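Subject: Structure handover

Hello,

Here is the structure we discussed. My notes follow below it.

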Amino acid sequence: MKTDFLEISNGGAISRNQIPHLSFNAFHEEALNIVGNGGKVVHYFAYSDDGSVKLLAVLRTDTLLVAGCDAPEAYPSLSNQCEPFHMFEREMAEQFGIRPEGHPWLKMVRYHPNCRNVPDVFGNNYQEDIPGNYDYYTVEGEEIHEVAVGPVHAGVIEPGHFRFNCIGERVLNLEIQLGYQHRGIETLLTQVDAKRLPVLAESIAGDTTVGHSLCMAQAMEALSSTRPDAGARIIRTIDLELERIQNHVGDLGALSGDVAFLPPANYCGRMRGDFLNMALLLCGNRFSKGFIRPGGVLFSMDNEVRNILTERIVEIKPQVKHVIELLFSTSSVRSRFEGCGAVSNSDAEKLGLVGPAGRACGIPYDVRRCFPTEHYSNLDIPENAEPTGDVYARAKVRADEVMQSIDLIQSMLTDSVETNCVGSGNASPAASSFVVTVNEAWRGEVSHCVLTDAQSNILRYKIKDPSFHNWNGLSMSLRDTEIPDFPLNNKSYNLSYCGFDL
Amino acid sequence: MLNTLKNRFEQGYRTSRYPKEKIALWERYRGLPQINKDASADLVRQCAEACPQNAIDVENRLIDMGRCIFCGTCERISKGQFVSFTQDFGISVAEKKHLLTDGTLSSLADHSKQHFKKLFGRSLQLRQVSAAGCNACEADLNVLATPFFDLARFGINFVASPRHSDGIVVTGPISRNMKTALLKTYEAVPDPKVVIAVGSCTLTGGPFRGSPEITEGLDSLLPVDLFIPGCPPHPLTNLHALLTYFK
């Protein structure tokens, strides 16, 4: 397909001059054309440059594409014609006060004032410090009732507000309002010393420390023309797969607990801990904090560590396999998983679902296969896709990925791994440059986008956690299910609040 | 049924005997920092400059465990000559000033409020408030309910409502958008109540210090009884703190 957008590579820095600067109309038309023909939105955001506001979109087909334009104060909403833009337009309206006219549901994303001190698009008064202070979507009728949950939930979990519109036990609509965890990370990343950057990347979402750290490290490496050695790339790949296993195993246990089948719930809880301890073995921290830095890693994997890790995986692998078999062969579990919270393939495409949530709806996209980074081009990543889009499909995809990831790690542990550990990992980025990095973290496509100014400072740091796409999938799953199925559906996605709130 | 039993046998008995038996953590784990007061001024300054958290007090040669995220930068730079991290996970304190340390910690048990031991020593019900961290602290609190740690055997539980609880456990740097919800949860807990701050974010703002969206220290909003440092604190750090402070 011929396009005015520029083809770019994952983790390949280019000069900002090379980014095609289109008229808004051409940009608009071309973006609609690409996404209308099956392309997906990776990023679509605004940034200030020399006093003017510009837009930039990174789209993906079988390749990554970029283009930008000047931002109008108001513009005809793209979401109106093409759903995948809708979260991005809302985010842009909140961050920069640019109004997408005719947006089907324009409401705030994270509840904070815009950075330009222009009138708020949503008419919010930010002296009132409650994000939930807004007119929720309502359904009217004699037998309609609402259930409001959060921000503080009954478990040890992150805050968010859920509003169910119900008729009897049946959920007509679930509205999810987040923003409670907003910490201003994107702004902070443009202001702090280089030494703080990797630490902030590790704190975007603790359960995706490796995913976000890799995106930042690869971006900084590209901007400073450095490349980690082969050993570091293997270690980082092992770590990303470990993170996938930790979370999937934990959630399979939680799913089992939510259908009151307690043996796997307890076994998975314990085994997840064992996988977290493997990260501690590698770097001293169970969430891999203080491990990945631009240029490589801070800890080597000597043969002692490699052998211990190998032994632990050999020991735990049959246990994991057997618990998964137990879970999926138990009829009471199957009857609750199957058909619960189904999202159709076409809805999933429109919502732009990624990761296991997308693969459970028959969308096999996996960054590890499509835009491989690190050691992935040397690995054979199986194509996972389940057709049913329900809790069963999401659990199945995740269970399959656990066993695949264990195999991948074992394949990388057969030979000794040598790396020169990096020092501080502080990189000095090139001036007036642009880079986008994409990785397949356990929830799916995580991506960072960095623009530098003429003085090599970070002009704009854009973060996208896969949850930014997938929260609407959860909302869609709940339609026509029962409230008691909410925990089950919620766990089958287990989305990030803080990764979304930034 | 047979399958369920087979799994049960394969899984075995996993609950740790801590605190009756000590647990030794792997050498790469970074717990209580030890400071060498005789390190050269130049080395101390280098470590302080490289510390992403500005957690090193150069003049007094102390490390602020409230700010510290235990990344090990200072240990690497000084090759252990100024700071070295031990595998001691018992690093919690009852007074904020004790977070500033050279490696000698005053006994947590001695500084805990003695009437709390009487009130909550046999049964402690806690409400957790997640206030804008990264979810790692929450995850390693949740882990305490798994069979290895089995928190409930000590009479300690996380409960679903502040009305059922004896105190709150706060994680995260308390964003502007969570402040009201946190304070309301605190108000809903009946007196006398406990406030436990978990993780670098809650203690000092952690990695997010400097952002106008967050609070740099829970103690500026509520009276904190127990400070648990870490990024995130190891589950054993949490367990050690709860058992030492309340038992």
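Buried area here is the accessible area, taken with a 1.4 Å probe, that two parts lose on being put together, summed over both. On that basis chain B and chain A bury about 5,100 Å² between them, and 54% of it is on carbon and sulfur atoms. On the chain B side, Trp26(B), Arg28(B) and Asn177(B) lose the most area to chain A, together 15% of what that side buries.

Some housekeeping before the rest. This is a predicted model, in which local features need pLDDT of at least 70 and side-chain atom pairs count only at pLDDT 80 or more, while totals for chains, interfaces and linings use all residues. Residues are numbered from 1 along each chain as its sequence is written, chains are lettered from A and ligands numbered from 1 in the order in which they are written, and side-chain values use heavy atoms, with hydrogens and water left out.

The interface

Counting contact as heavy atoms within 4.5 Å, chain B contributes 60 residues and chain A 67 residues. There are 29 residue pairs in polar contact between the two chains, both residues being at pLDDT 80 or more. A polar contact is a pair of N or O atoms within 3.5 Å; within protein, one must be able to donate a hydrogen and the other to accept it, and residues adjacent in sequence count only if both atoms are side-chain atoms.

Elements giving two or more residues to the chain B side are helix H1 (2–11), helix H2 (41–50), strand S6 (124–130), helix H6 (136–142) and helix H7 (176–188) of chain B. Helices (H or I, at least four residues) and strands (E, at least two) are DSSP runs, numbered from the N terminus.

The rule finds two salt bridges across this interface, a salt bridge being a side-chain nitrogen of Lys or Arg within 4 Å of a carboxyl oxygen of Asp or Glu. One of them joins Asp140(B) to Arg286(A), with the closest N and O atoms 2.8 Å apart.

Helix H1 of chain A

Buried means under 20% relative accessible area, exposed over 50%, and partly exposed in between (1.4 Å probe, protein chains only). After H1(A) comes Gly38(A), which has a positive phi near 100°.

Backbone points to check by eye

- The peptide bond from Gly150(A) to Pro151(A) is cis, with omega near 15°; Pro151(A) sits in the loop between strands S9 (144–149) and S10 (161–167) of chain A.
- The bond from Cys231(B) to Pro232(B) is also cis, with omega near -10°, and Pro232(B) is in the loop between strand S10 (226–228) and helix H9 (235–246) of chain B.
- Ala260(A), not a glycine, has a positive phi near 60°. Ala260(A) counts as exposed because its relative accessibility is 65%.
- Ile174(B), not a glycine either, has a positive phi of about 50°. Ile174(B) counts as buried because its relative accessibility is 0%.

Regards
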